[in-house]
Amino acid sequence: MTIIDARPFLAVGVPLLAVVFILLSRRHPNIREAWSAIASVAMFGIILSMGQAVLDGTIYEYTLFMLTDTIGFTLRVEPAGYIFAVLASLLWMPINFYSIGYMRCHNEPEQTGYFAAFAVCMSSVMGIAMASNLLTFFVFYELLTLASYPLVLHKRNEEALTASRKYLSYTLVSGQLFLAGAVGVYCISGTMDFRAGGFLTTDMAPMWVLQLLFVIMILAGSVKAAVMPLHGWLPAAMVAPTPVSALLHAVAVVKTGVFAVLRIIGFVFGPELLGQIGTADILAWFAATTILVSSFIALRQDNLKRRLAFSTIGQLSYIVLGAALLSPLSIKGAYLHLVAHAVMKITLFMCAGCIIVRTHLNNISEMDGIGRKMPITMACFTIASLGIAGMPFLVGFISKWNLALGALQAGKPLYILVWVASALLAVGYLMPVCRMAFFKPEPANDPRQYGSISYNMLIPICFTTFLAVLFGICPEFFPPNFYELATEAANQITAGWGGVR
Amino acid sequence: MMLFEQSPLFIVLLPITAALLCPLLSKLKKKLGSYVVMAALFGAMLSAFTTLSRTLNDGGSKVHYWMGNWPAPIGIEFVVDPLNSLVLCMITVLAFLISIYSIPFLKDEEWLVYGGYYSLYALLTVGLCGMVATGDLFNMYVFLEVMSIAGYGLIALGGKKSMLAAFRYLLIGTIGASFYLLGTAFIYSLTGSLNMADIAVRITPFYSTPLFAMACACFLVAFGIKMALFPLHGWQPDSYTFAHPGAIGFIAGCMSKVPAYAMIRVFFYVFGVNNPVVEHLLNVLGVLGIAGILIGSVMALAQYDFRRMLAYSSVAQLGYIAIGLAMGNMYGFIGAVLHLINHAFMKACLFLVVGGLTYRYGEINLYRLGGLNNKMPISTIAIILAVLSMVGIPPTAGFFSKWYLLLGAYEGAQYIYIVVLVVSSLLNALYFFRIIEQMFVEKEATLTEIHKPETKFGLPVTMIIPIATTGLSILILGIYSTDIVSRIIKLGLPEVFVR
């Protein structure tokens, strides 16, 4: 049942409206940040209000205006997009409070611009999650690029400048490729509307055209999803303030890349067609290579944020690999891992931010014994690390379980080895941090200057850690019933394969 | 009701009357002349919109206006279809806005310069509007010359170095005009007519004659020079750099677009594209367009003067129009026309801001823009909008023209254009984001103020309003592009494309 309802646009509009108020109240930090907080809560409320209905099969749709004669500027809420929308709006709330604490404790400049750009980013993420066709998707995709650019540039120094240039060149190229591919799709099919299971068929164009379009579009998505060798921008972008790394470069921006890949595979080409044209295998190889190579690189990084960045690159490719395997369970696993990785990685990044603010340390080798000074932070860090490694009863396990089953279902059990290897490597690059923090003695005459952190920073960390445990123990926890949503999304995409439960 | 019938004429008649009266009135009272010109341009703008609504009300029919009521093939006529009137609206809107914008630049000038400037300005509008509205090849030549001469004058008013630039343009421009005249003569000798509609009927038997090919080549060179199509763009960077800063927005916005539109008229509506000569010629246009896009973009990257960079970017953007036409299908054509209009507004907006910088600081070094966002906030927003549009980011106008160009390229299976469009967008991003970086990242540049900021936005109100309006129009043109395409442009398509 399709209902015409403006709520999707409301969710996109709320942060944009907040931007205006944020800019207007730039002289009053408390009021300014209150607007940001109100917007995040309001947005989550709006998204949540559609929850039960979406699970029951209702589709909300609204067209604001026509972009071209046949393609509307349309948002539509169905399970696959709803997962991402809930996830991003849910995590915006803790990160917002965390930002307030981080930016103030760290005395960052230009905080007004920071909060404004952040709100625009969230607005475009909502748009991406709910876009109903390729062109609307592209509009928000580009908006996100532009809105996150000033955040990377935030420090306004030489390093930030280089990083932001790199960031912009990668993401703009990806946007242009996406557009070129989208126009191609439009020209052979005459439509751009996402349809679960894909709207392209083999009789629309010769095989090589379909293959070429797939490669172009997947390339575009892979840049933002940081699939190697297109990952260069992500470690560079770590120069941004840590909340940005936490939400945008672990959740929002990179996840839009992954989400784009999922959309392209599930809603443009469809698993059935991809099974025939065969290019998805190439993507799977690239993703598998990325998982392993990035984990090895992560082992050798001393800068904590960079190590987390490479871990992100690997984890993102889990999702890409899941999508590329095309089986119902692997796609379900991909959607679940989208959620799982977001919750875990945001915790890790927020912890890294706490360490930076409290001890001004960036390098892992200097972090001996900090667990004694900041036990809560490091405890959360440890839990999230175990989650990344895929420990049962934490959120990362369920998604990996499904991914592994999906590989079996697709008849490609070798990929399970990749995941196992990667889990071991994750233990290898994250656990030493915890070990050093807790079990190594503090250096004798401690040269470190301890700053102070506020509860604004600790509470969000505890909250996301709690989420990681909660989703791990009972994945069907409502309100955001991610498990059922992912199942539903995978069912819709792979309807031709028969349902899964 | 009579007045309503005459609307196509008023678009040209009002400015020309004002132009002739202006020096005289300025002698009486310095500012009187300029007010009359502004009023006339406003009237012209209203007439243009009236004409547009007239053509649309009739379901896209052509409005013929016979001068002195002499019937068409003998007398001179204005022919206005939806497409023409759209371009007329664009010209008159920009003309009116920028006439207000130039006031602060002239306030210290003598009456002669004051009156002369507005007189030339009104004449430029006359020339541009006339070229679009006329239905007669020779009449178009007259308006082309009116436009050019007014243009030379306005460029020469810019100061010391502008003389040379204007003279150079005069020489090259005259060659262009001569080619136009030559082409017209060839066509006249073939068909014995100068009326466009008449030629379109009579030319068909001569498609394979060498003289027709010669004429086409002459027209291509003529329009190529006037629209600064690569490699005939040599006059443009200097002219744009040194022209009078008050008028440059209008010159850069319209003076290269209108010849491009005239070329569309001659090739698509008079000669028709379904003959081998014009088909070959469009291929040439496509190659030149590609070369222009690439070379213009690269040259723009190498500049440190903001105006020069914009000039080279214009060469590149004209290439978009050229390749759109070269695709020879409906989408390409729509893309070209849409880009013509969008680009006029984008470039005008950018040059207005640049003019504002000239006005306040007298210096426009790309690498000395630091802190502009605090000094001139509205201008900064306008620049950002224009830049996004140049790069082609939705929902700004520039994206939509690129969208139709991409569709056209796919439809014609001319994949090279897709590559060029993508590469060009990225090059645009490269040289335009440099500006944004400069504004926000660099330390505040120490610039000497020539004029004090009169408002808290850093510029006089008469300059802020046009800057804000053109900036906003980029968004509006983007959001309403569907309406513009389906309700206006599609009604005025050449017959080959109508399905």
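**Terms and values**

Modeller: Let us begin with burial: in chain A, 61% of the 501 residues are buried. A residue is buried if 20 or more other C-beta atoms, placed from the backbone, lie within 10 Å of its own, exposed if 12 or fewer do, and partly exposed in between. The model is predicted, and local features need pLDDT of at least 70, side-chain atom pairs count only at pLDDT 80 or more, while totals for chains, interfaces and linings use all residues. Residues are numbered from 1 along each chain as its sequence is written, and chains are lettered from A and ligands numbered from 1 in the order in which they are written.

Colleague: How do you know whether the radius of gyration of chain A agrees with that of a compact globule?

Modeller: The radius is taken over C-alpha atoms, and the globule rule is 2.2 Å times the number of residues to the power 0.38. For 501 residues the rule gives a value near 23 Å; chain A has 21 Å, so the two agree. The C-alpha trace of chain A spans about 75 × 55 × 45 Å along its principal axes.

Colleague: How many helices and strands does chain A have?

Modeller: Chain A has 19 helices and 3 strands. Among contacts in chain A between residues at least 6 apart in sequence, 81% join residues at least 24 apart; a contact requires C-beta atoms, placed from the backbone, within 7 Å.

Colleague: What makes H15(A) parallel or antiparallel to H17(A)?

Modeller: The axes of H15(A), residues 375-389, and H17(A), residues 414-439, come within 8 Å and cross at roughly 170°. H15(A) is therefore roughly antiparallel to H17(A). Angles run from 0 to 180 degrees between N-to-C directions, the axes being lines fitted to C-alpha atoms, for helices over the stretch in contact. Under 35 degrees counts as roughly parallel, over 145 as roughly antiparallel, 65 to 115 as roughly perpendicular and the rest as oblique. Among the residues that meet are A:Phe381 and A:Ile388 from H15(A), and A:Leu430 and A:Phe438 from H17(A). By class, the residues of this contact are 13 nonpolar, 2 polar and no charged. Nonpolar means Ala, Val, Leu, Ile, Met, Phe, Trp, Tyr, Cys or Pro, charged means Asp, Glu, Lys or Arg, and the others, Gly among them, are polar.

Colleague: Why do S1 and S3 of chain A count as edge strands?

Modeller: The open sheet has the order S1-S2-S3 in chain A, with mixed pairing. S1 and S3 of chain A each have a single partner strand, so one side of each lacks a neighbour in the sheet. From one strand to the next the twist averages 30°. Pairing requires that DSSP find at least two bridges between the strands. S1(A), residues 2-4, and S2(A), residues 59-66, meet this with 3 bridges in the parallel sense, while S2(A) and S3(A), residues 72-77, have 5 in the antiparallel sense. A hairpin of 5 residues joins S2(A) to S3(A).

Colleague: What classes of residue make up the side of chain A that touches chain B?

Modeller: The contact takes 20 residues from each of chains A and B. H7(A) gives the largest share of the chain A side, 9 residues. That side has 14 nonpolar, 3 polar and 3 charged residues.

Notes: Helices (H or I, at least four residues) and strands (E, at least two) are DSSP runs, numbered from the N terminus. Two residues are in contact if their C-beta atoms, placed from the backbone, lie within 7 Å.
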